[in-house]
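These are my notebook entries on a structure that I looked up residue by residue. The coordinates come first, and my notes follow.

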Amino acid sequence: MASRLLFTSIPDFPVPVEIFRKNHQRVPCFTFTLLPTTFYSSNNSISSSRRGSLPPLNAVKEELIQSPSSNPTHDSKTSRSSSSKLVLVVGGSGGVGQLIVASLLNRNIKSRLLVRDPEKAVSLFGKQDEETLQVFKGDTRNPEDLDPSIFEGVTHVICCTGTTAFPSKRWDGDNTPERVDWEGVKNLISALPSSLKRIVLVSSVGVTKFSELPWSIMNLFGVLKFKKMGEDFLLNSGLPYTIIRPGRLTDGPYTSYDLNTLLKATAGKRRAVVIGQGDKLVGEVSRLVVAEACIQALDIEFTLGKIYEINSVEGDGPDSDPQKWQELFKAAQAQ
């Protein structure tokens, strides 16, 4: 069954950007405040329900974070969703990760980032108070970077690290699928505390069929095989997990020096969400939709221990309405 839901928009969210001070591992963070002037973007279910004079830094589009009938979450520092969570985002400066972090901040959910380049984080998210956002410098490919202090107090983790499927400039510095999608994921999972309430891992469709056409072409350099190895390591870790397998990512990746371009992006007409299980989906998905799915999965109990594929198609989307996302995830399991 399909239902039609709508993404809408929110006002600009200006934030000053300052230079990040380099420290060895943990980096002092930044205030995320609203300023009045501009400173420095088969088996599936379908929704009817995807700098002062610098350009303004906008909040995440409302199609990602707020339903038309709800009150804006960024006005309240005591919102229910922010009361107990501390979400660690690994890969938070990437295409999907940027959207996840911005949306968590807009929801007033205390967040922590593990990034290779903290200066990139401040250029994206502005100067934050440590009660809002904490940044740790580290690389999941290096186990020695994963100090226990990074995970102190963390309740949830979203891992959205990745690299390109085929050799590219992003492979420079040994940033290959084997090192990122397998060794990096394995190192991260091995370092996580047993007290964790949930880890959401972003993987890919086709990981169970990497020896079959057309997936074998995408897997020529092992990206699907290594993502599946990362999945399997998580499944056998004993940690509470949800795995999200997106189709081919669209709407980005966003590589702007700030969020102006990123957060002006929309899912266009492809805002309806398709969720399936069994690695049967073939198609595309907006990075905006993937980001929202990861955040929603943190709070939906029955997604614990489950794997979902996700696409987006033409139509209206589920916005950030928890009930509508629950219905989507539940319908996928029922088929």
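I looked up the side chain of Arg179 and found one of its polar atoms 3.4 Å from the backbone oxygen of Arg141. I count a polar contact as a pair of N or O atoms within 3.5 Å; within protein, one must be able to donate a hydrogen and the other to accept it, and residues adjacent in sequence count only if both atoms are side-chain atoms.

I note that the model is predicted: local features need pLDDT of at least 70, side-chain atom pairs count only at pLDDT 80 or more, and totals for chains, interfaces and linings use all residues. Residues are numbered from 1 along each chain as its sequence is written, and side-chain values use heavy atoms, with hydrogens and water left out.

I placed Arg179 in helix 4, residues 177-191 (a DSSP run of H or I, at least four residues, numbered from the N terminus). Is Arg179 buried or exposed? Arg179 counts as buried because its relative accessibility is 18%; buried means under 20% relative accessible area, exposed over 50%, and partly exposed in between, with a 1.4 Å probe and protein chains only. Beyond neighbours within four places in sequence, Arg179 contacts Arg141, Asn142, Asp174 and Gly184 (heavy atoms within 4.5 Å).

I next looked up Leu220, in the loop between helix 5 (215-218) and helix 6 (223-235). Leu220 is exposed, at 60% relative accessible area.

Over residues 27-82, pLDDT stays under 50.

How values were computed. Helix = DSSP H or I, 4+ residues; strand = E, 2+ residues; numbered from the N terminus. pLDDT = per-residue confidence, 0-100.
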